[in-house]
Amino acid sequence: MSSPTLDTPTLDSQLPSLLHQITEEGGYAFTSIATRAAAGDTRAAEAARELAWEQLYSGPWHSVVPIWRDAYAMACLHVAKCHFCSGELELALRALDMGLIMGGIALRDDLNLCIRRVSHDLRERDSAEGDQHQKAEWYRDFNLAEVRVKLKLKSSVGFSCVYGLATTLELSLLHLMLFIVLMDSETVVSIPRILNLNWQAARLLPAKSLSSKTVVKKGGLSLEEFLREHFVPGLPVIISGSMDHWPATNRWSDMNYIKKVAGFRTVPVEVGRNYLCSDWKQELITISEFLERIQSGNSSPTSTTYLAQHQLSLNAWFGPSGTVTPLHHDPHHNILAQVAGKKYIRLYSPSSSEELYPHTETMLCNSSQVDLDDIDKEDFPKILDLEFIDCILEEGDMLYIPPKWWHYVRSLTKSFSVSFWWSVEGNSLDS
């Protein structure tokens with residue numbers, strides 16, 4: 001009986017051409033070793049991967065010759081094949097993920113094809129070993145109704161005071177709750193929950209959050225209405241009800257399910273408060289290790305771990321409560337789909353760019369120098385009275401963010417989101 005193998009149709013057909021291109025870039029040693037690796041030599045496969053890895057780190061990432069990224073992906077495929085034949089499925093999957101993360105695009109279809117095969121075999125193996133799947137919710141809900149408090153103070157002078165958020169109240173004022181009633185006969189506020197989970201969560205939101213204009217929310221939005229009222233004029237909108245049929249809305253809130261289908265996958269994660277901080281870094285860990293960090297709940301701002309903008313099969317954003325994406329803009333159209341948990345999002349119009357103090361460095365020119373969580377009023381006075389719109393993106397909602405709209409994002413619970421980016425040639429907002 002022959003050993004199991006991984007199918008790599010693109011590599012099989014393009015191997016001579018790829019090796020020729022690598023040779024033209026001085027990769028004679030790699031070509032010789034990769035030829036032996038293609039014949040099933042495990043040591044040669046590992047050696048080829050090391051050679052390609054050295055080329056990836058021979059200088060700044062942008063200066064790496066693209067064919068060396070393809071060479072790294074090729075070597076990863078050879079290494080994965082060797083591990084797969086030996087029954088070392090976890091090692092095979094890690095090699096494939098590394099090829100996907102660090103490699104070029106020429107062999108991406110092969111990498112994804114092999115990942116599906118190895119992942120399937122891993123699930124089959126675990127099922128055969130009697131792995132019992134029990135549902136485990138990994139996030140705790142954030143009750144907006146108990147945070148966005150609309151209060152009327154009964155007093156002898158008939159003074160009415162409306163607060164946009166509990167964050168605008170001093171803690172001592174909460175003791176007045178015994179004498180406060182909600183406007184419009186809304187449901188009585190749960191004082192203990194405000195004083196505990198939601199009071200703490202609300203305090204973390206930027207100043208003036210949810211105090212004025214919010215992003216319009218529409219259900220049953222047709223394509224024609226979306227194009228006419230939002231896409232063409234470039235106006236954000238929350239689309240509700242369009243994800244109800246997604247299996248992910250039920251499955252992805254279950255930590256054990258995620259572990260079962262993707263626990264062995266290797267992903268790049270961000271560690272630290274956000275990418276503008278000096279102590280921010282990236283690490284490569286498995287999704288199981290990532291979930292364990294989220295579950296522990298012991299992370300400090302400098303050790304917060306966030307899976308951000310990684311292509312598992314689409315762009316995924318996955319992390320604990322409190323993760324922040326600082327104020328920035330993107331050149332593409334974006335639909336952010338909230339699969340599990342909730343996020344606070346603030347948006348500023350492209351016309352406000354000057355008042356948002358973009359970084360002058362080329363790499364960060366789409367990011368603001370302003371830290372919305374701690375605004376330096378002396379250095380950035382123009383932003384203080386700048387108009388914005390914001391929202392709580394609920395589970396099952398999609399937010400359309402047009403190109404060049406500045407946005408700040410904070411997770412209010414453990415959260416799983418996916419982004420769909422696209423560009424339209426000739427769109428005046430795409431530049």
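**Helix H1 and beyond**

Guide: This is a predicted model. At 1.5 Å a residue, the 16 residues of H1 should span 22 Å, and its end C-alpha atoms lie 24 Å apart, which agrees.

Visitor: Where's the kink in H1?

Guide: The kink, of about 60°, lies at Leu 15, shortly before the proline Pro 16. Leu 15 is also one of the buried residues of H1, together with Thr 10, Leu 11, Leu 18, Leu 19 and Ile 22.

Visitor: And which helices do the buried residues of H1 pack against?

Guide: They pack against H2, H4 and H6. Following H1 there is Gly 26, whose phi is positive, near 90°.

Visitor: How many residues are in the largest nonpolar core?

Guide: That core has 43 residues, and those with the most contacts inside it are Phe 30, Trp 68, Met 74, Leu 96 and Val 118. Helices H1, H2, H3, H4, H5 and H6 each give two or more residues to this core, and the largest share, 13 residues, comes from H4.

Visitor: What does Val 118 touch?

Guide: Leaving aside residues up to four places away in sequence, Val 118 touches Leu 6, Phe 84, Leu 89, Leu 93 and Leu 96. Apart from this core lies another, of 30 residues, among them Ile 239, Val 267, Val 269 and Ile 294.

Visitor: Changing topic: is strand S12 mostly covered or uncovered?

Guide: Strand S12, residues 389-393, is mostly covered, with 5 of its 5 residues buried. Ile 389, Cys 391 and Leu 393 point one way from S12, whereas Asp 390 and Ile 392 point the other way.

Visitor: In what sense do S11 and S12 pair?

Guide: They pair in the antiparallel sense over 5 bridges, and Asp 390 in S12 is the bridge partner of Arg 346.

Methods. Residues are numbered from 1 along each chain as its sequence is written. This is a predicted model: local features need pLDDT of at least 70, side-chain atom pairs count only at pLDDT 80 or more; totals for chains, interfaces and linings use all residues. Side-chain values use heavy atoms; hydrogens and water are left out. Buried means under 20% relative accessible area, exposed over 50%, partly exposed in between (1.4 Å probe, protein chains only). Helices (H or I, at least four residues) and strands (E, at least two) are DSSP runs, numbered from the N terminus. Two strands pair if DSSP finds at least two bridges between them. A nonpolar core is a set of buried Ala, Val, Leu, Ile, Met, Phe, Trp, Tyr and Cys residues joined through side-chain atoms within 4.5 Å. Contact means heavy atoms within 4.5 Å. The expected span of a helix is 1.5 Å times one less than its number of residues. The bend at a residue is the angle between axes fitted to the seven residues ending there and the seven starting there.
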